[in-house]
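The following note sets out points on the fold, the packing and the surface of the entry under review. Please read it beside the sequence and the coordinates.

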Amino acid sequence: SLIAVFPNRRLCWFIARLGVRLLVTLTATPLTVHGRKNLPKETPCILVANHASYLDGLLMTLTIPIDYSFVAKAELQNNVFARIFLSRLGTEFVERFDIQKGIADARRMANYAGRDRSLLIFPEGTLYRMPGLHEFHMGAFTAAVEANIPVIPITVRGTRSKLRDTSLFPRRGP
């Protein structure tokens, strides 16, 4: 991926968005976005979205027009491709299983979010085979309270049926 060779975060985001736009175009995927006007342009915030498919993060790179960083599970650092790709985009990695590290990560996220960039968090923490919304981990909300910044909810629809967890190839559909 081109992102691996460019150290500039803005250029990496440009390339990522271009790649996702190409994927959406080549797969003839209808994409509908509502509510972009509700995103704060000047104030950092915590964006929280449901997590239904591996496509969710990709689509967020294309559809969210403000400067933000992903928050991702620390286990992704064990995958070389994911680690390079996500690190170049400025992703913050958090521990999900160690309570003490999780609390420290929430505080770190609060300090980070209160500065110059928003954070995008999938508070369900992982993908589940069962449909529907699952229990949220509290890190996103703890960080928002500590940083005194708003939480902006995002609903993602259609990605679970577009790319099922057992498939490598997307299906047709919006």
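1. Read along the sequence, the chain follows the order α-β-α-β-α-β-α-β-α-β-α, which comes to six helices and five strands. Helices (H or I, at least four residues) and strands (E, at least two) are DSSP runs, numbered from the N terminus. The model is predicted: local features need pLDDT of at least 70, side-chain atom pairs count only at pLDDT 80 or more, and totals for chains, interfaces and linings use all residues. Residues are numbered from 1 along each chain as its sequence is written, and side-chain values use heavy atoms, with hydrogens and water left out.

2. Of the 174 residues in the protein chain, 42% are buried; buried means under 20% relative accessible area, exposed over 50%, and partly exposed in between (1.4 Å probe, protein chains only). The accessible surface comes to about 10,600 Å², and carbon and sulfur atoms account for 59% of this area. Areas were computed by the Shrake-Rupley method with a 1.4 Å probe, and for residues only the protein chains shown count as cover. Among contacts (heavy atoms within 4.5 Å) between residues at least 6 apart in sequence, 66% join residues at least 24 apart.

3. The largest nonpolar core. A nonpolar core is a set of buried Ala, Val, Leu, Ile, Met, Phe, Trp, Tyr and Cys residues joined through side-chain atoms within 4.5 Å. The largest one holds 25 residues, of which Leu 47, Met 60, Ile 64, Tyr 68, Leu 120 and Ile 154 touch the most other members. At least two residues each come from α1 (9–26), β1 (46–49), β2 (68–73), α3 (80–88) and β5 (151–154). Helix α1 gives the most, with four residues. Apart from this core lies another, of 15 residues, including Val 48, Met 109, Ala 140 and Ile 149.

4. Which residues does Leu 120 touch, not counting residues up to four places away in sequence? They are Leu 47, Ala 49, Met 60, Ile 64, Tyr 68, Ser 69, Phe 70, Val 71 and Ile 154. One of these, Ser 69, lies in strand β2 and counts as buried, at 0% relative accessibility. Leaving aside neighbours within four places in sequence, Ser 69 is in contact with Leu 89, Gly 90, Tyr 112, Arg 117, Ser 118, Leu 119 and Leu 120.

5. Helix α5. The buried residues of α5 (residues 139–147) are Ala 140, Ala 143, Ala 144 and Ala 147. Seen down the helix axis, they fall within an arc of 100°, so they line one face of α5; the arc is that of the directions from the helix axis to the C-beta atoms. An α-helix has 3.6 residues a turn, so residues three or four places apart point the same way. The cover over the buried residues of α5 includes β1, α4 (99–113), β4 (118–121) and β5.

6. The loop between α2 (55–63) and β2. Ile 66 lies in this loop and counts as buried, at 9% relative accessibility. With neighbours within four places in sequence set aside, Ile 66 is in contact with Arg 17, Leu 39, Pro 40, Lys 41, Cys 45, Leu 47 and Ser 118. Ile 66 and Arg 117 are 51 residues apart in sequence and 8.6 Å apart in space, C-alpha to C-alpha.

7. The salt bridge. A salt bridge is a side-chain nitrogen of Lys or Arg within 4 Å of a carboxyl oxygen of Asp or Glu, and by this rule the count comes to one. The side chains of Arg 9 and Asp 67 form it, at 3.3 Å, N to O. Arg 9 lies in helix α1 and Asp 67 in the loop between α2 and β2, so the pair ties together parts that are 58 residues apart in sequence. Arg 9 is partly exposed, with a relative accessible area of 21%, and Asp 67 is also partly exposed, at 33%.

8. Backbone points for checking. Most residues other than glycine have a negative phi. Ala 28, although not a glycine, has a positive phi of about 50°; Ala 28 is found in the loop between α1 and β1 and counts as exposed, at 59% relative accessibility. Asn 148, also not a glycine, has a positive phi of about 55°. Asn 148 lies in the loop between α5 and β5 and is exposed, with a relative accessible area of 70%.
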